[in-house]
Amino acid sequence: MRHIPIIETEPITNPPSTEYERGKWYKRRGYLEKALKSFKEAAQSPPTDKTSSGWKEVDLSWLEYGLLSMRMRSFGKSEEAFRTVVQHSGTYVQEALNQWAALLHMQGISDQTICEQLLDETRSFPASNIMVGRSLFYIGAYPQAAHCFAKQGSLYPDTCIQYVACLIMTGQVSEAMQLIDSYLRDSTHHLRELPRPRTSEGAQLDRIRQLCKWNINHSIPDRFIAMSDTIELARAAVSLNMISLAEHLLTHSGEHAYYALICFLYDEGYRGLAISKLNQLEALPLQEQDSNCMKVCFIAAEHLYDQGKYDEAASLFEQLRVAYPGRTEIRFGEAACYLQSALISLSARLEEQYSSEVARKEIEQYLDNINAALHVVENTNWHTTWSPAQKRRENQSPMATLN
């Protein structure tokens, strides 16, 4: 077995002094019950700093308490925490609503019921429909989110983009294009009391409009588009479930464009399709210094890890570490593989018959130490994560687009 990397951690006898920081310290090391207790004590203690920053820490503590309770499947405690943050109407109210929606979705509650409950909880907020619409967008409840955005009326640029995406995701491509035209026209002529769209958001709406136009006309895009524009158009197409359009843009534009397509699909939650395309490659681009080349190889290693093929994944991560020594996610991925392999090996030995109780206790101590180290590694967030909306896309049918 390969060398298991040493994971440096602070001793449990020296945690931080404040309850909030102590909660984060315990959480990183896997002492979840201790973390939960610290977060709740921090949330229920009046802040020593009476300014807005002091109250922010109270809401952050409730938010952390809610997220950790949700992870430990204490759904009632989690909902209580998110409701408290929303009632405080502070900096983290939108994040609390997003996580509240995710909690209800996790419990199998219908999108319509989630919409009704959150609207009821935020009925005193002037921007209730926008806030609930954003939280529904976060979990992929696009019809309900679109309904909320439509009721609000005036929209800011980022919310307009979400509203447009909801319309496209529900098959209302013509309506989405009309909304973009109306929004850009009204913004340009200052017919509404809205800020002029920032350059990046305006450019994003222009890209989405072009995709809608191609979708409606069933036309193949101009092959003379600059590659940088093609990449961004394809990225937007994948995020809007216009998969065949993204494939038309990138599949015949060279190897590097194909690597980008795999990355976009994977990052947006179309994991099965991304892995299928990855498996069609003759070889992984291990020798090429390019971000998408590195990402494709990382996806391959991560997929092996998720399949429990830890030795193969470790070998691939090791090659990536040599090629990209500065990428911490690669090093932590490799470490996770070694730790998982060690757990399997030691667990198998523990199941065997030993004449010595001392040997069993020694192995159990090793297992505890490795589990603790693995928890620390996993809390670096080296592994790709997906939002609730992206997790729902794996079984989503791609939108029919081009002939």
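Residues are numbered from 1 along each chain as its sequence is written. In this predicted model local features need pLDDT of at least 70 and side-chain atom pairs count only at pLDDT 80 or more, while totals for chains, interfaces and linings use all residues, and side-chain values use heavy atoms, with hydrogens and water left out.

The protein chain contains 20 helices and zero strands, these elements being DSSP runs numbered from the N terminus (helices H or I, at least four residues; strands E, at least two). Of the 403 residues in the chain, 47% are buried, where buried denotes under 20% relative accessible area, exposed over 50%, and partly exposed the range in between (1.4 Å probe, protein chains only). Among contacts with a separation of 6 or more, 60% join residues 24 or more positions apart, a contact being heavy atoms within 4.5 Å.

The largest nonpolar core comprises 131 residues, and those with the most contacts inside it are Leu136, Val164, Leu211, Phe317 and Leu320; such a core is a set of buried Ala, Val, Leu, Ile, Met, Phe, Trp, Tyr and Cys residues joined through side-chain atoms within 4.5 Å. Apart from neighbours within four places in sequence, Leu211 is in contact with Leu233, Ala236, Ala237, Leu240, Met242 and Leu245.

The largest pocket has a volume of about 990 Å³. A pocket is here an open set of points on a 1 Å grid over the protein atoms alone, where a 1.4 Å probe fits, with protein on both sides within 12 Å along at least five of seven lines, and lining residues have an atom within 4 Å of a point; the volume is the space filled by probe spheres set on the points, which are joined across faces, edges and corners. Of the 21 lining residues of the largest pocket, Arg71, Asn381, Thr385, Trp386 and Lys391 are the closest to its centre, and the elements that give two or more residues to this lining are α3 (52–71), α5 (93–106), α19 (357–378) and α20 (388–391).

Arg73, in the loop between α3 and α4 (75–88), has a positive phi near 60 degrees and is exposed, with a relative accessible area of 55%. Asn241, in the loop between α12 and α13 (243–250), has a positive phi of about 70 degrees, but is buried at 3% relative accessibility. Most residues other than glycine have a negative phi.
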